[in-house]
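Here is a short report on a predicted model. Look at the sequence and the structure first, then read on.

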Number of protein chains: 2
Amino acid sequence: MTARYHTLPRLLAAAMAALLSGTACCTESPVPAAPNGITLPENYRDWRVIASSHRVDNNTLRVILGNDTAIEAARSGSTNPWPDGSILGKLVWKDASHAQWEQAVVPGAFVHAEFMLKDSRKYPATGGWGYARWKGMDQEPYGADAAFVQECHGCHMPMKDNDFVFTRPAAIP
Amino acid sequence: MTARYHTLPRLLAAAMAALLSGTACCTESPVPAAPNGITLPENYRDWRVIASSHRVDNNTLRVILGNDTAIEAARSGSTNPWPDGSILGKLVWKDASHAQWEQAVVPGAFVHAEFMLKDSRKYPATGGWGYARWKGMDQEPYGADAAFVQECHGCHMPMKDNDFVFTRPAAIP
């Protein structure tokens with residue numbers, strides 16, 4: 001009996017450690033974190049739509065999604081600034097032509113998924129936004145080191161008056 | 001006392017009738033049904049993304065959404081044919097230019113939301129699909145009478161080998 005009393009807590013501790021280390025759980029994402037430590041948001045494929053766009057300079061189609069906090073903000077018009085906890089996700093594809101409807105540009109190869117996470121206390125140096133991007137269907141993190149966010153934020157600077165966000169929520173009845 | 005016994009059932013009957021007629025309930029959709037009787041799918045704004053497109057012939061941006069059945073089919077590659085119960089929804093906006101990024105085409109005025117409902121027993125004459133469209137932010141039903149679906153289905157005929165559907169699910173990791 002003495003042995004059992006000692007073994008149970010040890011087993012529990014081992015199970016806890018395994019869970020905390022993230023190696024034991026089948027639901028753990030296999031996608032590496034971005035160089036600044038941001039991890040791929042869970043279930044972003046299931047997020048709701050905020051807008052879409054087509055960049056004709058680099059020939060890419062985009063759909064902009066939001067987590068629940070972002071969707072609530074978008075629908076209530078509270079996006080300048082976006083509230084802390086908002087995450088915007090952008091899915092980007094190379095242009096392709098529709099085989100049966102040539103005048104339609106449709107999604108071709110997947111380019112990347114990129115995210116902006118609003119946390120004004122965590123990311124004061126970049127306007128309150130944390131940036132991260134995962135490339136291609138293999139979801140390779142973008143950036144050689146944590147300084148990659150300077151490139152992201154630099155590109156978003158012209159949108160300072162719109163809380164550094166290019167996307168304006170589309171009208172949806 | 002006699003009066004009360006007679007009044008209560010009558011009140012209940014009136015309440016039931018009001019509920020059944022749909023005029024008493026605050027949650028009833030105020031959007032009129034399409035001329036073929038199809039009603040606006042509930043909560044379509046919360047559906048998940050299947051694809052996007054940009055039609056350069058009529059200058060419109062589109063996002064294609066699906067209900068749960070359609071999303072499951074899209075993600076498992078079971079879309080030819082789409083299973084009964086699938087609903088595809090398309091949100092359409094006029095092109096607009098991004099004020100701070102001219103090379104980006106972004107959603108302008110909302111044009112319409114259109115839907116394809118798969119029910120092979122209910123809609124055998126139109127490839128198993130029921131069609132409906134609601135125009136603008138006012139969500140005015142499209143079509144003078146039920147024959148409007150001939151126009152929809154006629155346009156979709158070139159896609160017969162793809163279950164009459166133009167949209168091919170976009171790659172999303």
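## A covered helix

Among the elements that cover the buried residues of α3(A) are β4 (101-118) and β5 (129-135) of chain A. Helices (H or I, at least four residues) and strands (E, at least two) are DSSP runs, numbered from the N terminus. Covering rests on contact, meaning heavy atoms within 4.5 Å.

Helix α3 spans residues 148-156 of chain A, and its buried residues are A:Phe148, A:Val149, A:Cys152, A:His153 and A:His156. Buried means under 20% relative accessible area (1.4 Å probe, protein chains only). Down the axis of α3(A), these buried residues fall within an arc of 130 degrees, so they line one face of the helix. The arc is taken from the directions from the helix axis to the C-beta atoms.

## Strands in chain B

Strand β5 (residues 129-135) of chain B has five of its seven residues buried. β5(B) pairs with β4 (residues 101-118) of chain B in the antiparallel sense, over seven bridges. Strands pair if DSSP finds at least two bridges between them. B:His112 has B:Lys135 as its bridge partner in β5(B).

B:Lys135 also has a bridge partner in β6(B), namely B:Glu140. β5(B) and β6(B) form a hairpin with four residues between them. In the turn, B:Gly136 has a positive phi of about 65 degrees.

## How the model was read

Residues are numbered from 1 along each chain, and chains are lettered from A. In this predicted model, local features need pLDDT of at least 70, side-chain atom pairs count only at pLDDT 80 or more, and totals for chains, interfaces and linings use all residues, while side-chain values use heavy atoms, without hydrogens and water.

Conventions:
Buried means under 20% relative accessible area, exposed over 50%, partly exposed in between (1.4 Å probe, protein chains only).
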